[in-house]
Every structure is written in C-alpha cells, then in structure tokens.
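Here is the structure to walk through, with the cut-offs spelled out along the way. Have your viewer ready and follow along.

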Amino acid sequence: FDRVYDYDVYNDLGDPDFKIEHLRPVLGGDEHPYPRRCRTGRPHTEIDPRTEKRRGPVYVPRDEQFSDVKGMTFSATTLRSGLHAMLPALEPLLANQELRFPHFPAIDGLYSVGIPLPAQLAAAGAATATAGGAAASSSTSTNIVGGVIPRLVRMIEDTTDHVLRFDVPEMFERDRFSWFRDEEFARQVLAGVNPICIQLLTEFPIVSKLDPEVYGPPESALTKELLESQIVESVTVEEAMAQRRLFILDYHDVFLPYVHRVRERPETTLYGSRTVFFLTGAGTLSPLAIELARPQSPTRPQWRRAFVHGPDATASWLWKLAKAHVLSHDTGYHQLVSHWLRTHCCVEPYIIAANRQLSRMHPVHRLLHPHFRYTMEINALARESLINADGIIEESFWPGRYAMELSSVAYAATWRFDAEALPEDLVRRGLAVRQEDGELELTIKDYPYANDGLLVWNSIKQWASDYIDFYYKSDEEVACDEEVRAWWEEVRTKGHADKKDEPWWPAVDTRDGLIGVLTTIMWVTSGHHAAVNFGQYHYGGYFPNRPTVMRKKMPVEENKEEEMKKFMEMPEHVLLDTMPSKMQAITIMATLDILSSHSPDEEYMGEHAEPAWLAEPRVKAAFERFAGRMKEIEGIVDERNNDPELRNRCGAGIVPYELLKPFSTPGVTGRGIPNSISI
C-alpha cells in the first residue's frame, strides 16, 4: 500500500467541516479543468461529499519521499512547521503597530534592524541556533523556529535577545532604487523571475475578447495617438509592429472576470491590465503605457484609463502607482501559473504514469527518474500549507480564495503540452521566428532567459537524442514499445484527462517524437522551474519590487475628494498604503527565502550519472558529453554577464542573469539548475 500510485482531482485544498468558509471548488473535471494529483484516499467531508478531509498526514508514495538530509533542511520543514509557529506569534507584535510601513526606511530596517522575536520564539532560536541550526522536532512550535529558519533568526550583539532579520536581496543590495525606475521594470520582463509572459503585439487596435454585455465595451484605452506620443523614435504604431518592436504584457482578459470578486476581500483591489513596451535601438524595452480596467457591474459603468510617464509630478506618481498594480498582477500570475501550474502541477501526472506503466528497468524510466525526485512530496507540502484554504498564498496574494480557481482558468485557456517546449513557447509568443533551416531567430536579441535557456534546451535535447538512439535503433522499435505507449496514453487520458481530446498532443511512435516529449519534460522540470523559482528572493525579497497584493484603488478611479487630497499632498504615503501590510510582507519574504533556497543534497543537471547509465559505455560517454556541455554553459553565461553590449544583463547596479547557470552551492544563490522540482 505504501507504493500505490493513482490519480485524483484537487479536492483536498479546503476543509469545510472545520470552517464553512474553507470550502473550495474541486479542481479537475468539466467545471474546473486541471491536471490530476496523486490519490491520497482520505475520507470525504460531511458538508461536501466531493471534498477530501484534511486530517492526518498527506500520503506520498514511499519512493517519492524526502531523503533524511532533505527532510532535515529548513527548506522542506519550514513549509509546515517553522512559518506556522513564527507568524502567529509575530502577529500580536505587528498588530500593535501601523498596518502598513510608515515610510520606505522602515522597510529597509527589515534587513538591518529586524523585528524582535517574542520571548518563547527567541528562546527556541537560542537553543537551536547554538546547536548549529539543525532542524529540531516539529512536534512543538517553540523548539523549531530558530532551527528551520536559521538564515533569518539572529542574536542581537551583546544580548540574549533574538530578531527576525532578513538577508539583503541582491537586487536591493546592488541598487536600492532600481525598482523605482522604468528601465528595471522593463528589464525584469526579460531577465527577472517571470520572463515567460511578454508577447509580441500582433493585433491593433487592442480589443478584449470578453463578452461586452457582461464586462463593458471591448475597446482598449491604449490608442494609436497615445502610444505614438510615447515612442522615442519617429515611427508609427503600424511601422513599429511591422518591425516587431511593440510588445505587450497582457493581464486584461484573464483577470477582469475576477475584479469584483477580489474587491470583496478586505484591503484588496484588482484591475485588468495591459502594458505596452517598445524595443529601442539599444536592444532594451521601454514601457510606453499602462491600461488599468474595472469591468461594469449592475450598479456601475466600466472604468478604464491609460497611464503614461507624463511631464509633471502628478502624472509621474500616477504612473508609479499603475506600475505597482501591474507588478502585483505579474507576481500573482507568476506564482500561480508560470511557477505552480506549469511546473509543479503539470509534472505530477508524468510521475504517476511513469510509476504505473514503466518498469524500473525501462530506459525511459531510468532517463526521467532523476527529474522526478522529491516533486510529489513538495507538491503534497504545498497542498498542506501554501495553496490550501487560508494558506500562505491565499493570505498574502491578491487572488485570495480564488487563487487556485484562477490557475484552473489559465490551464483551460493556455496550457498545451507542445508549447511547453522552449522553442515552441518562444515562437507562440512571437519572441522568436523559425527560419527555413529550422533555426530560431530571436525577436529581441538580448533576451537573457531565451538566450541561456536555448543553450540548456539544446544540451538536454542532444543528451536525450544520444540516449534514445542507443536504446532504439529504428522508429518501429519505438512504435512497438507497449510500455512507452501505455505511459504516454495514461498521461493524456488520465493525468491530463480534461485535455485528452486536444489535437496538439504529440505522438511517441517515432524516435524524434519520443525525444521531443522527453526533452520537453526534462526542460520543464529543470530549466523552466529554475528560471521561475530560484530568483524569487533576489527580486521579491524587497517586496515593493514585486508586491503580492494591492490594498487600495487608484486615487483617480473614483476621484473622491479625500483620496485625491491625500494623494496630492503625500503620494509616497498613498503608495505605501497600497502595498502589502507588514504581516503580508513578512510572510511572503520568509516564504520566498525558503522557496529560493537550494538543499545541501541538491542534484544539478549534468552533475550525477545514474548507475544504469554508467553500466553502458555509450550511454556513459553521452552523459559525459552532456556534463561537459553544462560546464561550458557556466562559462558562456559568465561571459554574457560581463558583455556591456548586453544591456539587459550587464550594467550599473544590474543583477547579472544567472538563473540558468547550471550549478550552485546550497542556500539562496540565484543560480543552479536542479534536475527536478524539489522545492
């Protein structure tokens, strides 16, 4: 029974028997399409017979569980123990202060002064920190905090008191004002922690595809005249589009249906947004305009407005507020879709099917096995503490109770297996064009994620090709492999059952077809996940750069006299009022520190060969070539980060792009590509 792998829907995120407000929709099925998870088999709740009870430990097959080393590191245990002990104890302290930070130096103090810990947690910190920071038993809250979060808990010099003090994020350490500038706002679209959402603008005028009867007029506020007034060169919108120089970050149609529902949450607001960028002659992006929109309701008309970096102080501050809203949209989409959905969630069915249909000795199982390490347990931990009802994501990110439902909407509308391949993803977003010889030409030449990612992708593909060509001498041998056929059929019809009839599923009846599928899976578990995960603290550790929630509307939305008066007199205070509260900020900073950290037993791409590979001389040689290529990529990335012509990754105060640099030491480093989704 401890080795059982089976499928189930996501019906264990809420606990309505404990609190009716914790009832959440079941994800998976016609109403809310979603990938399947590993079946845990617990009884269902009394109030909702479709929902599984959240009592007792979450079942994870024995072979998917953490090693002793992984289990002892703070990265793993903090998700369910450390934060749950620390945050409630801090809440009374923070409740006695202002809800928001009074000024920006107070935010800076989180890295220099810190927050005094309550006595019971300070005592725990002293005991465990003295013991070298090893994680203690998770049975009681008072003896774990200092052990599982040793990076964050420090002893105040010459005293026995302890503080929660955060490490300075690299972006803030290099240039504490960079987050405020348009250049960095645009640069992070290409080289930040979510570089996979920018698209080429291919249709103009921009028009919403949502029902105008429900949401209001579909026309965008981003007009031709407005955009042309902001383009620094003498080109029209039509000319810029023909030259492939206009790009869009589009969170309009995906978020607009949730605006009114999210606004029902206390101290939370939302808009649909569009941001248009222009590709300059220097190869960098320049933001031209931002559109924020609120749909119509039974009592109010639609509201939408375009913001630009205008010529006066008022327009400039409105632009900064609009940017902050866009950043919160990007942060929410990144965490729920780019990160959770497209890596953690969509990979679990591949693991379940592989264990059900492939022999342990099957060459495909042996190739994929390192890429599945720890993923199912980390996903189970996420369901326990991160993505569950009233979990960290719901408490600290703007979608709140709609977070997972929104990821289901994105899955239904956008996810397709073939486009998870990096080259196809770039082509689909208009960021690359496939030439007649099959080679890709990047639309933006200095696109660090794509530049480095294609090196990693091509290296993985060559390794998969060498491996498959050794075991399969012809396409017929692939087509006749019943285990591979059964595995891939089950991925499609059971693991991703809500998309089983889509025409884009690739076939695995040829060597090239199998190589393409395996390369895509290996890329998603390694390069894609590394690119969207291990830079989270570098960029989000200073939360004004990536706010997870916006608490106030734009002051010009309703033009209330009191709100406008405060904005005109103290715009900085309005910005601080709008950003996350102290409790939300500290929760998310501690969480990002954990999620961005490499475990001491991490296994990186090209670092460790499986014993079965070493037993075959040709496979061993192919892996050694792969390992050599990954080492070469290290050097290439270093060279690129020191090339002053590559302005999106090299410049004054810029964080070099190292998220796809293959190897790393333990901890928060902002580099390293593990084989698998292990955090």
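The side chains of Arg187 and Glu184 are joined by a polar contact of 2.9 Å. A polar contact here is a pair of N or O atoms within 3.5 Å; within protein, one must be able to donate a hydrogen and the other to accept it, and residues adjacent in sequence count only if both atoms are side-chain atoms. Arg187 sits in helix 7, where helices (H or I, at least four residues) and strands (E, at least two) are DSSP runs numbered from the N terminus. With 4% relative accessibility, Arg187 counts as buried; the scale is under 20% relative accessible area for buried, over 50% for exposed, and partly exposed in between (1.4 Å probe, protein chains only). Setting aside neighbours within four places in sequence, Arg187 is in contact with Gly192, Tyr539, Arg647, Asn648, Arg649, Ile654 and Val655, contact meaning heavy atoms within 4.5 Å.

A word on where this comes from: it's a predicted model, so local features need pLDDT of at least 70 and side-chain atom pairs count only at pLDDT 80 or more, while totals for chains, interfaces and linings use all residues. Residues are numbered from 1 along each chain as its sequence is written, and side-chain values use heavy atoms, with hydrogens and water left out.

Now zoom out. The chain has 28 helices and 14 strands, and 61% of its 679 residues count as buried. Take the contacts between residues at least 6 apart in sequence: 75% of them join residues at least 24 apart.

Another arginine to look at is Arg263, in the loop between helix 11 (259-262) and strand 8 (272-279). Arg263 has a relative accessible area of 18%, so it is buried. Its side chain makes a polar contact of 2.9 Å with that of Glu557. Beyond residues up to four places away in sequence, Arg263 touches Thr268, Thr269, Leu270, Tyr271, Arg294, Lys553 and Glu557. Arg263 and Pro399 are 136 residues apart in sequence, yet their C-alpha atoms are 9.4 Å apart.

What about the nonpolar side? In soluble globular proteins, nonpolar side chains tend to be buried together. A nonpolar core here is a set of buried Ala, Val, Leu, Ile, Met, Phe, Trp, Tyr and Cys residues joined through side-chain atoms within 4.5 Å. The largest such core has 179 residues, and Trp463 and Trp487 touch the most other members. Helix 12 gives the most to this core, with 21 residues. Look around Trp487 and, leaving aside neighbours within four places, you'll find contacts including Tyr350, Ala353, Leu368, Val517 and Ile521. There's also a second, separate core of 16 residues, with Ile231, Ala240, Val276 and Ala289 among them.

Ala289 turns up again as a contact of Val308, which also touches Leu226, Gln230, Leu288, Ala315 and Trp319, not counting residues up to four places away in sequence. Val308 lies in the loop between strand 10 (303-307) and helix 12.

On a 1 Å grid over the protein atoms alone, a cavity is a set of points where a 1.4 Å probe fits but cannot get out, and lining residues have an atom within 4 Å of a point. Grid points are joined across faces, edges and corners, and a volume is the space filled by probe spheres set on the points. That gives ten cavities of 30 Å³ or more. Of the 13 residues lining the largest cavity, Gln335, His339, Trp340, Leu386 and Leu595 lie nearest its centre. Helix 12 (313-357) and helix 14 (375-385) each give two or more residues to this lining, and helix 12 has the largest share, five residues.

The second largest cavity has a volume of about 90 Å³. Its lining includes Phe185, Gln188, Asp330 and Arg546. Helix 7 (182-191) and helix 12 each give two or more residues to that lining.

Most residues other than glycine have a negative phi, and most peptide bonds are trans. Phe204 and Pro205, however, are joined by a cis peptide bond, with omega about 0°. Arg244 isn't a glycine but has a positive phi of about 55°.

Conventions: On a 1 Å grid over the protein atoms alone, a cavity is a set of points where a 1.4 Å probe fits but cannot get out, and a pocket is an open set with protein on both sides within 12 Å along at least five of seven lines; lining residues have an atom within 4 Å of a point.
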